[in-house]
Amino acid sequence: MVKTILLYIVVFTFVGATSFFLHEWFLGEEYDELKVLLKKAYVFHGIFSLSIIIVFRLVAKIKSVFPQLGFIYMGLLVFKIMVFTMMFYPQLMGDQIISRFYRGSILIPIAIFLILEVVFVTKILRGK
């Protein structure tokens with residue numbers, strides 16, 4: 001159990017850090033304000049996704065809850081997007097002068113960590 005949780009931590013940290021630095025390099029030096037926001041987005045999604053996977057791994061051992069894990073995951077996914085939107089609403093939809101391309105690039109961490117979440121949740125669900 002501890003070994004798999006450490007594996008999750010290593011994978012999420014490696015993928016998150018690598019994708020962040022590649023994303024930052026791709027954007028260039030134009031928007032310093034955006035880089036701070038981008039870092040916050042990666043940290044938020046990384047920690048939230050990792051927490052979901054660890055909780056799923058622990059809850060998957062409970063036989064009475066296991067059949068509902070898919071529905072619980074869908075609810076947590078909606079909750080995660082709502083919290084992200086509430087936290088980053090001023091930057092994403094506000095009156096700041098940021099082009100749509102850069103606003104859209106803030107959504108890239110959602111896709112990266114969503115793919116990781118789905119891979120690990122699928123492995124957990126197939127494990128039984």
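The dialogue below goes from the overall fold to single helices and then to single residues.

Modeller: This is a predicted model, in which local features need pLDDT of at least 70 and side-chain atom pairs count only at pLDDT 80 or more, while totals for chains, interfaces and linings use all residues. Residues are numbered from 1 along each chain as its sequence is written, and side-chain values use heavy atoms, with hydrogens and water left out.

Biologist: How many helices and strands are there in the chain?

Modeller: Helices (H or I, at least four residues) and strands (E, at least two) are DSSP runs, numbered from the N terminus. The chain has five helices and zero strands, and the order of its elements from the N terminus is α-α-α-α-α.

Biologist: What share of the residues of the chain counts as buried?

Modeller: Buried means under 20% relative accessible area, exposed over 50%, and partly exposed in between (1.4 Å probe, protein chains only). Of the 128 residues, 38% count as buried. Accessible areas come from the Shrake-Rupley method with a 1.4 Å probe, and for residues only the protein chains shown count as cover. The accessible surface of the chain is about 8200 Å², and 74% of that belongs to carbon and sulfur atoms.

Biologist: What do the contacts tell about separation in sequence?

Modeller: A contact means heavy atoms within 4.5 Å. Among contacts between residues at least 6 apart in sequence, 74% join residues at least 24 apart.

Biologist: Which residues of H1 are buried?

Modeller: They are Ile5, Tyr8, Phe12, Gly16, Ser19, Phe20, His23 and Leu27. His23 has a relative accessible area of 6%, and beyond the residues up to four places away in sequence it touches Leu38, Tyr42, Ser105 and Ile108.

Biologist: Which residues of H5 are buried, and where do they lie around the axis?

Modeller: An α-helix has 3.6 residues a turn, so residues three or four places apart point the same way. In H5 the buried residues are Pro109, Ile110, Phe113, Leu116, Glu117, Phe120, Val121 and Ile124. They cover an arc of only 140° around the axis, which puts them on the same side of H5; the arc is that of the directions from the helix axis to the C-beta atoms. On the other side of H5, Ile115, Lys123 and Arg126 are exposed.

Biologist: How many salt bridges are there, and which side chains meet?

Modeller: A salt bridge is a side-chain nitrogen of Lys or Arg within 4 Å of a carboxyl oxygen of Asp or Glu. The count comes to one salt bridge, in which the side chains of Lys80 and Glu117 meet at 2.6 Å, N to O. Lys80 lies in helix H3 and Glu117 in helix H5, so the pair ties together parts that are 37 residues apart in sequence. Both Lys80 and Glu117 are buried.

Biologist: Which residues make the nonpolar surface patch?

Modeller: Patches are made of residues with over 30% relative accessible area and no salt bridge: like charges are joined within 9 Å, and nonpolar side chains (Val, Leu, Ile, Met, Phe, Trp, Tyr) within 5 Å. Here Leu22, Trp25, Phe26 and Phe101 make a nonpolar patch of about 560 Å². H1 gives the largest share, three residues, and Phe101 is found in helix H4 (residues 100-105).
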